[in-house]
Amino acid sequence: MSSTPETESQNITLASNVLGTIGTVLWCIQLLPQIWSNWRRKDTEGFPQLMMLLWGVCAVPMGAYFVLQEVNIPLQIQPQVFGFFSLVAWGQILHYTHKFSCPKATAMVIGTVALFAGVEAALILSLRIPYNNGITWPDLLVGVIAAISLAGGLIPPYFELWKRGGRVIGINWFFLGTDTLGGLFSLFALAAQGTFDILGGVLYIVVILLEVGIIGSHIGWRIRYRKLLAQAKITGRSVDELLGAKEAVHNRGSDSDVESQMHGEK
């Protein structure tokens, strides 16, 4: 973090640009499977609104940070595309879950994109002069805010996992896998530079670890309910139907135990 902008520009290697480009492409398309899945199902249950909003917010300081750090161009573009598609997915949640009309949800997305773009431009312009003069702590602070927003966006899915016993609902697996790979390639791009940007690396490591946790949670759920999954495959019934029936039987059993205890007391 103490190197000058000129030195950072010289440290960018061909490998860094190639890896950064792969990471950018993956993060450009990562949310497209989720957006398509939301549109096809006309439903966003289990897909947290706060996750997408925080990711949209994260793109503002993250974009400003990478521009000021003068990392490779693909990594500078990445937060802009990432933030835009996050807000598009947020708009879908407003429409499908919160029943906003399509024009109203679209207007909110466009207005938020314009607002965030203006804030990011203002950050870059206001921080560039002190940064070029060797005062780097404001840029570091912006990077920390980006890291917190990015990590914070992956906390709401864990509440959804807790409500469903570890099962992932509403999150597209192609989205999650592409996002994790995008984080890995972007991390490799930073490592391939002459100097490793620690805060930028933390941004990607946080994403990778939290997303691996989500994947691991669902794998654990499938192992615990493997007999139920096999039963659903044999009978042709949905897993939700069987889970509902199992819960109903459990509740009836609990009610019977309570009644037996009451008769015993009498």
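Does aspartate 43 count as buried, partly exposed or exposed, and at what relative accessibility? Please continue from there to the other salt bridges.

A: Aspartate 43 counts as partly exposed, because its relative accessibility is 28%, which falls between the limits of 20% and 50%. The model is a predicted one. Aspartate 43 forms a salt bridge with arginine 41, and the closest N and O atoms of this pair are 3.8 Å apart. Arginine 41 likewise counts as partly exposed, at 31% relative accessibility.

The structure holds four salt bridges. Glutamate 160 takes part in a network of salt bridges that links it with Glu45, Lys163 and Arg164. With lysine 163, glutamate 160 forms a salt bridge whose closest N and O atoms are 3.5 Å apart. Both of these residues belong to helix H8 (residues 156-163), where they are three residues apart, about one turn of the helix. Glutamate 160 counts as buried, at 18% relative accessibility, whereas lysine 163 is exposed, with a relative accessible area of 56%. The side chain of glutamate 160 also meets that of arginine 164 in a salt bridge, at 2.4 Å from N to O. Arginine 164 is partly exposed, its relative accessible area being 23%.

A word on confidence is also in order. The mean pLDDT of the protein chain is 84, and 88% of its residues reach 70 or more. Over residues 1-10, however, pLDDT stays under 50. Where pLDDT is low, the predicted coordinates should not be read in detail.

Methods: Residues are numbered from 1 along each chain as its sequence is written. This is a predicted model: local features need pLDDT of at least 70, side-chain atom pairs count only at pLDDT 80 or more; totals for chains, interfaces and linings use all residues. Side-chain values use heavy atoms; hydrogens and water are left out. pLDDT is the predictor's confidence in each residue, from 0 to 100. Contact means heavy atoms within 4.5 Å. Buried means under 20% relative accessible area, exposed over 50%, partly exposed in between (1.4 Å probe, protein chains only). Helices (H or I, at least four residues) and strands (E, at least two) are DSSP runs, numbered from the N terminus.
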